[in-house]
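Sequence and coordinates are shown first.

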Amino acid sequence: MADEPMTTSTPSESKSTLKLMSKSMYAKEAALRNLFLLCATAAVAGVALIFLFVGVRGWPIIQDPGLGAFLFGKVWSSSTDQFGILPLVTGTLVITIGALLLGAPLAVGTAVFLSEIASPRVRSVVRPAVELLAGVPSVVYGFFGLIILRPIIANLTGGLGFGPLTAAIILAVMIVPTIATLTEDALGSVVPGIREASYAMGATTWQTIYKVLLPAASVGIIDAIILGMGRAVGETMAVVMVAGNAPQFFQGLGEPVSTLTSQIVIDMSYASGTHRTALFGMAVILFLISMGLVALVRVISNRKKEG
Amino acid sequence: MMHVSADVREDTTRPRADKISVKDLDFYYGDFQALTGITVGIKERGVTAFIGPSGCGKSTFLRCFNRMNDLIPGTKVDGTILVDGEDIYAPGVDPVDLRRRVGMIFQQPNPFPMSIYDNVAFGPRLHGVTKKPELDEIVERSLERANLWKEVKEILPRGGLTLSGGQQQRLCIARVLAVEPDIMLMDEPCSAIDPTSVQKIEDLMDELKDRITIIIVTHNMQQAARVSDETAFFLQEKTGQPAEMVEFGRTAEIFTSPKDRRTEDYITGRFG
């Protein structure tokens, strides 16, 4: 380029000291960009393929007994070929709500303690312990629930102790790390100035927490709880071990119920025909629930940003 | 000698007693001593300015008056600070109660992420004021005293963070005024806002100082000269050494005939 005759009078062209990007450098940049694009696409493609797969396999259930009979059918019985998932949906709902009622306050309290009250030394012990909860395999939770918790619940409610209460308590502990970690992040990202301002106004630590910090972090906390809810809806192994797995309507805290996930895992090994199709249909429902929850998080976060 | 267009007014209306008396104050961050041997009497009403180079302990000293330093683990105060004759570091004194009497404005405007109304009502609500008419009145009066009422009276339910930086700072002042403090600490309140707003806040200080004792930390010497009645000059002579108060006196004297060579060097711009 420097050999070209200088016909133009623009000084920048004739006397540029900026190095030009070499061809190899350009190629490398482009390759990297495409590589990352590929990674992102792979994730999206994975989700899409799974949805497509379960959707195709589950589709006939909407045609044969029909969507209404599937979603709102009150009887789940493979021997009589009745596949209404309403009892399973209610089971999932009861256990999830129970887990949230027990687990969310515990988790938010833990996060407040870690973020606002604990000394650095205490924090350095408690935080890894909470994070460890997330790393415990769910079968271990189930085992704990089965051996330790179930007898206690059996004493409380009568019966064998298999049921929504046992499952909800186990799930409550399992969702604590999810909610606590995200809530602590939300509290940590509150502008530091307002914490100081609150104390300077003569607010006590408690007043600062519940009048200033929790409202300021509320969106993040709601997101955290919704994600915890997603975890509770999807959890399978621990629930299978303690819920009792009777596909019947909720009859009491100590009476066996089944959930969408546990019914799939129990029946999948032997189900065939319409039964199998129904299980795929349930997978689609679970898929839609978690998509709905993620969408909800998005909507809440965006609304906060605007207002 | 630098000539500052100082409008340093003599307050001849009534004699001013000491509002805050500090005696032999040492301050430590852990093992590091940040301040040493400070003894000073800060007069009631009026404005006292703390000036000095960065890192000379002005803000640290200011934060002793409402015990904000208590929130930093490992800090220690030796010596006494009397507010209205009472030792605020005496055992058993509740820093929370102290902070209701000693308000504070920070460098970065820090309204709460709630409505303008709720920001101002925050302090009174802490005190247990719950009746709406009473709160309404406090909010209006406080915003008026902070010269913000006219700008926000139509938009009280709007978020405090939607205001401009200068308005946010006046909102913070209104929030402090709502609890009727008799001391207001201002930690570089104008360094993060635009010049027009600075003017408004300086005017405001001038109005408030008839009733409230104001202490302002500032890097801006012209501002100190403009707004203050007394000035204290702080200096940390060597890194790692504790800072001390070099000179304290009437602002007019500090800026026209400082007694200490180091004060003169600083205000004439020889360092810092």
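A residue counts as buried when its relative accessible area is under 20%, as exposed when it is over 50%, and as partly exposed in between (1.4 Å probe, protein chains only). This is a predicted model, in which local features need pLDDT of at least 70 and side-chain atom pairs count only at pLDDT 80 or more, while totals for chains, interfaces and linings use all residues. Residues are numbered from 1 along each chain as its sequence is written, chains are lettered from A and ligands numbered from 1 in the order in which they are written, and side-chain values use heavy atoms, with hydrogens and water left out.

**Confidence**

The predictor's confidence in each residue is given by pLDDT, on a scale from 0 to 100. Chain B has an average pLDDT of 88, and 94% of the residues score at least 70. Over residues 1–11 of chain B, pLDDT stays under 50, and the model has 27 contacts beyond four places in sequence for them; a contact means heavy atoms within 4.5 Å.

**Cysteines**

A disulfide is defined as a pair of cysteine sulfur atoms within 2.5 Å, and by this rule the count over all chains is zero. For Cys172(B), the closest cysteine sulfur belongs to Cys190(B) and lies 12 Å away, so the two are too far apart for a bond. Cys190(B) counts as buried because its relative accessible area is 9%. Cys172(B) is likewise buried, at 2% relative accessibility.

Helices (H or I, at least four residues) and strands (E, at least two) are DSSP runs numbered from the N terminus. Strand β8 of chain B spans residues 213–217, and five of its five residues are buried. Thr213(B), Ile215(B) and Val217(B) lie on one side of β8(B), with Ile214(B) and Ile216(B) on the other, and both faces are covered.

Two strands pair if DSSP finds at least two bridges between them. Strand β3 of chain B (residues 47–51) pairs with β8(B) in the parallel sense over four bridges, and Val47(B) has Ile214(B) as its bridge partner. Strand β7 of chain B (residues 183–187) also runs parallel to β8(B), joined to it by five bridges; here Leu185(B) stands opposite Ile215(B). Together with helix α7 of chain B (residues 195–208), β7(B) and β8(B) make a right-handed β-α-β unit. Right-handed denotes a path from the first strand over the helix to the second that runs clockwise with the strands pointing away from the viewer.

**Salt bridges**

Side chains of opposite charge can pair when their charged atoms come close. A salt bridge places a side-chain nitrogen of Lys or Arg within 4 Å of a carboxyl oxygen of Asp or Glu. The structure holds 27 salt bridges over all chains, including those tabulated here.

| Pair | N to O distance |
|---|---|
| Glu44(B) and Arg45(B) | 3.2 Å |
| Arg101(B) and Glu86(B) | 3.9 Å |
| Asp136(B) and Lys132(B) | 2.9 Å |

Asp136(B) is partly exposed, with a relative accessible area of 30%. Salt bridges that share partners also join Lys19(B), Asp84(B), Glu86(B), Arg101(B) and Asp182(B) into one network.
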